[in-house]
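These are my notebook entries on a single protein chain. I record below what I looked up, topic by topic.

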Amino acid sequence: MIAPHDYVGQDFAWFGIEKHIGSGAEAEVYLCRHVPTQRSYVLRLPAEDDSLWERDGPLLPPVNSLIEHRNAIGSAHAGLTRDGLKMVVKGQEFSFSVVQLYGVRDGRYLLPVSNNWSRRGALSFGAVLDVSPSLPGTLPFWEMLQHLLVVDCHFLDQDRLNEAEWRGRWDTLLAHSSSLDGGLQFAEYSPRARSLIDACGAGSSGMDGPTLEESAVMRIIYGVLAGRFTLDQIEASLSCPFFRLNITVHDIQYALCLLRLYQEVDWVESVARMLGPAPLQPLLTLLDGFTRQPLDHRADPGIRERCSAPPRDAGAVPADRARSRVRQSALCRPGESRELSYFWYISRTKVDLLSEQYGRGILETFKELALKLKSPVVDAEFRFANASPGLVTEVRRLEGRIAADVEPLDFECLNGEEDLPPFFYFSTPGARSVSDQEFWVAGHVDGVALLLVGAARHVPGTFTSTSALSPSMNPLRAIREKAEGESRPMHDLAAASSYAWQAIMRADGQNRVTLPTVSGIAATVAIVDARRQQTRRAGIDGIERIVVGTPLFVEQI
């Protein structure tokens with residue numbers, strides 16, 4: 001068992017717990033500093049959460065949604081009704097200021113989980129973090145950056161460039177990059193260039209902030225080059241205080257250094273032609289935005305807009321789950337691009353059924369649709385080669401309607417003690433199995449397993465059959481008996497589901513170093529107790545129950 005002071009002085013990624021500042025009835029309270037931005041935040045750890053205290057050492061990163069999830073809900077609602085409200089009591093004027101709560105992504109970035117607004121037209125910082133260097137159109141810029149470094153090293157070796165000039169152009173970028181000097185084999189026979197590269201400590205920094213590759217600056221440039229972001233969105237985002245929370249001094253340094261490379265020099269005929277003109281405009285937009293203060297939404301309400309629905313009251317769920325549901329909300333933040341979504345599965349049948357009935361309201365018609373929605377393999381035939389833009393648009397529309405009308409819970413919050421909800425959310429590292437007829441997904445979060453099954457004809461594109469299920473157990477038949485309300489089922493659903501879950505986890509999980517994360521919405525079929533004799537075969541202990549469903553869509557994130 002550990003004491004409250006044992007958390008003081010502990011670090012997790014870019015955060016440090018500096019001191020214990022108080023004890024309340026439900027929590028120990030700490031001052032926590034975000035090192036890259038040097039901003040301080042209050043961190044509360046629930047006193048009744050045994051996972052934090054009944055252990056040999058501090059839990060890092062700490063998890064506190066046991067108390068903060070409901071506070072995020074309250075803060076979100078208060079933000080709609082009380083924020084900025086003034087009141088006079090006995091001659092004294094008081095102003096309400098709503099406390100914002102933030103989730104921590106990847107141990108590094110702060111994403112708001114209780115705010116209701118953003119700068120009009122702004123991106124969420126989560127959208128920037130989702131940008132990958134592998135997006136189409138981004139690779140040439142990085143290659144040209146490396147090529148310019150090679151050119152500068154070549155002229156340094158020929159004494160056409162002095163060391164001070166070379167260091168002014170490259171020291172900061174190389175010190176905070178893990179791969180910028182990766183192509184400099186020539187430096188092995190150029191001791192002068194090699195010694196300068198070694199002296200700046202290439203790739204040695206980045207523990208206290210983003211490296212060049214993962215910085216917001218590079219991600220934004222990549223996003224613009226790939227057509228994912230517009231310059232107007234970048235300008236609006238930099239004036240949004242929630243976006244600016246994660247802009248560090250590193251980002252400003254990188255932007256200045258990259259701009260310095262664009263300055264014409266004597267030893268290169270045309271730097272702009274070499275690096276290409278396309279990255280220059282987002283770079284100038286970034287630097288201009290960095291010099292301006294974020295706008296105050298209270299002073300000018302016309303600059304803001306609602307950005308998401310308040311968090312759902314789903315009880316105590318782990319902190320990373322509460323954060324991910326906000327980050328992956330169906331209700332996209334303004335300007336977020338979803339064109340690059342990668343779908344494993346979209347049930348065209350369910351999409352059409354829901355779209356057809358939504359004119360009367362989903363809650364009124366769900367009983368009529370329940371059997372069709374729950375049935376994993378329905379009779380209607382809808383064949384399509386890929387997730388067409390029109391189908392994706394309709395899925396997004398339905399996603400928003402379901403979120404507003406039904407307010408589904410995350411699957412790990414379902415316990416089977418009350419009436420089953422029509423739909424649930426899921427977001428989990430997922431294993432999959434596809435046969436000629438069936439599409440299966442398995443995952444788990446906090447002792448709750450997820451098992452989804454649908455018709456293989458709704459898998460976009462082509463696929464290789466990878467079915468790992470033995471026909472003797474026939475889990476699909478057991479699920480269909482439950483979905484169709486069979487009064488005397490011939491199959492044990494708990495045993496069949498436990499078998500299918502472990503078989504899919506073992507077959508796909510053993511073939512991957514890390515399972516990809518998938519999210520989506522599914523119709524609820526059943527919640528059953530897990531059979532440990534089966535689930536432990538996947539090498540995963542502690543699975544207590546299995547939520548069985550059939551998906552509307554499955555999207556890799």
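Burial. I call a residue buried when its relative accessible area is under 20%, exposed when that value is over 50%, and partly exposed in between. The model I examined is predicted.

Disulfides. I noted that a disulfide is a covalent bond between the sulfur atoms of two cysteines. How many disulfides does a search of the whole structure find? My search of the whole structure returned zero.

Surface patch. I next looked for nonpolar surface and recorded a patch of about 400 Å², made by Leu85, Met87, Val89, Phe94 and Phe96. Where is Met87 placed? I located Met87 in strand 5, which covers residues 86-89. Is Met87 buried, partly exposed or exposed? I found 39% relative accessibility for Met87, which means that it counts as partly exposed, since the value lies between 20% and 50%.

Whole chain. I listed 19 helices and 18 strands for the protein chain. Of its 557 residues, I noted 53% as buried. The chain exposes about 25600 Å², and I recorded that carbon and sulfur atoms supply 50% of this area. Finally, I checked contacts with a separation of 6 or more: residues 24 or more positions apart account for 71% of them.

Technical notes
Residues are numbered from 1 along each chain as its sequence is written. This is a predicted model: local features need pLDDT of at least 70, side-chain atom pairs count only at pLDDT 80 or more; totals for chains, interfaces and linings use all residues. Side-chain values use heavy atoms; hydrogens and water are left out. A disulfide is a pair of cysteine sulfur atoms within 2.5 Å. Patches are made of residues with over 30% relative accessible area and no salt bridge: like charges are joined within 9 Å, nonpolar side chains (Val, Leu, Ile, Met, Phe, Trp, Tyr) within 5 Å. Accessible areas come from the Shrake-Rupley method with a 1.4 Å probe; for residues, only the protein chains shown count as cover. A salt bridge is a side-chain nitrogen of Lys or Arg within 4 Å of a carboxyl oxygen of Asp or Glu. Helices (H or I, at least four residues) and strands (E, at least two) are DSSP runs, numbered from the N terminus. Buried means under 20% relative accessible area, exposed over 50%, partly exposed in between (1.4 Å probe, protein chains only). Contact means heavy atoms within 4.5 Å.
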